[in-house]
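Subject: Structure handover

Hello,

The structure you asked to see is below. My notes on it follow, with the cut-offs given where each term comes up.

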Amino acid sequence: MLKELVKHLFPRLVREGDLRKTYTFCLGGLAFTSLLVLTVTGLLLLFYYSPAPQTAHASIQFLESDVWGGAYLRSLHRLSSHALLVLLALHTLRVILTGAFLHPKKMNWLVGCSLLFLAIFAAYTGYLLPMDQLAYWATQTGMELVRALPLGDALRALLVPDDVGGPLSLLRFYALHVVIVPAVMFVLTMLHFFVIRRQKGLLPYL
């Protein structure tokens, strides 16, 4: 899949007619670009963030006030996450309106929906990390909404075993946001591009 991903991003030959703007506006490609920006900015933020309730907010304040370009870096990470969600939503809407989710593309539709839900979950897990009042109460509200789902109490206990903002809860949100969810998203993205190439859904890929 990695080989197919590279070929998808860097085709050997592209016809002139395929460079024209179309109704898709390359929404999938723009979403993938946003994901790459999120990855790079997130890796840089790791150098300063401290995933502990006592030091998390202080590390964010230090980043924004004492690190050159720190405020810009964090803002770029946040804006990229917003862009990713908007672009994925528009891409999903385009697929629905054009009927591109029908057979034989049902598998890729399911992969795309999974990517959308994972992006939302990644944004939610990242919301707690600054450990300010807004982050705390937004996460608390989300956890109360989770309780309304089937097996909601068990899911809440898994995510926040020592309540919102506790050491274990923050560490689990941190692990999910930084490692687990992004890794799954990149695997699904490679699968998404792999299926597109196999179904010859876009460029001729000469």
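Pro 104 is found in the loop between H4 and H5; helices (H or I, at least four residues) and strands (E, at least two) are DSSP runs numbered from the N terminus. With a relative accessibility of 51%, Pro 104 counts as exposed. The classes are buried for under 20% relative accessible area, exposed for over 50%, and partly exposed in between, using a 1.4 Å probe and protein chains only. The C-alpha atoms of Pro 104 and Leu 151 are separated by 33 Å, and the two residues are 47 apart along the chain.

Before the rest, the basis: this is a predicted model, in which local features need pLDDT of at least 70 and side-chain atom pairs count only at pLDDT 80 or more, while totals for chains, interfaces and linings use all residues. Residues are numbered from 1 along each chain as its sequence is written, and side-chain values use heavy atoms, with hydrogens and water left out.

Overall

The protein chain has eight helices and zero strands. Its C-alpha trace spans about 55 × 45 × 25 Å along the principal axes. Of the 206 residues, 35% count as buried. Among contacts (heavy atoms within 4.5 Å) with a separation of 6 or more, 69% come from residues 24 or more positions apart.

H4 and H5

The axes of H4 and helix H5 (residues 106-127) come within 10 Å and cross at roughly 155°. That makes H4 roughly antiparallel to H5. Axes here are lines fitted to C-alpha atoms, for helices over the stretch in contact, and angles run from 0 to 180 degrees between N-to-C directions. Angles under 35 degrees count as roughly parallel, over 145 as roughly antiparallel, 65 to 115 as roughly perpendicular, and the rest as oblique. The crossing of H4 and H5 is left-handed, meaning that the near helix is turned anticlockwise from the far one by less than a right angle.

On the H4 side, the residues that meet H5 include Leu 84, Leu 88 and Val 95; on the H5 side, Trp 109, Leu 116 and Ile 120 are among them. By class, the contact of H4 with H5 has twelve nonpolar, one polar and no charged residues. Nonpolar covers Ala, Val, Leu, Ile, Met, Phe, Trp, Tyr, Cys and Pro; charged covers Asp, Glu, Lys and Arg; the others, Gly among them, are polar.

Salt bridges

A search of the whole structure finds five salt bridges, each defined as a side-chain nitrogen of Lys or Arg within 4 Å of a carboxyl oxygen of Asp or Glu.

Glu 64 forms one with Arg 74, with the closest N and O atoms 2.8 Å apart. This pair links distant parts of the chain, ten residues apart: Glu 64 is in helix H3 (residues 56-66) and Arg 74 in helix H4 (residues 70-98). Glu 64 is partly exposed at 36% relative accessible area, and Arg 74 is also partly exposed, at 21%.

Glu 144 forms a salt bridge with Arg 156, the closest N and O atoms being 3.8 Å apart. Glu 144 lies in helix H6 (residues 133-146) and Arg 156 in helix H7 (residues 152-159), so the pair ties together parts twelve residues apart in sequence. Glu 144 is partly exposed at 37%, whereas Arg 156 is buried at 10%.

Arg 156 also meets Asp 163 in a salt bridge (3.4 Å, N to O). Salt bridges that share partners join Glu 144, Arg 147, Asp 153, Arg 156 and Asp 163 into one network.

Regards
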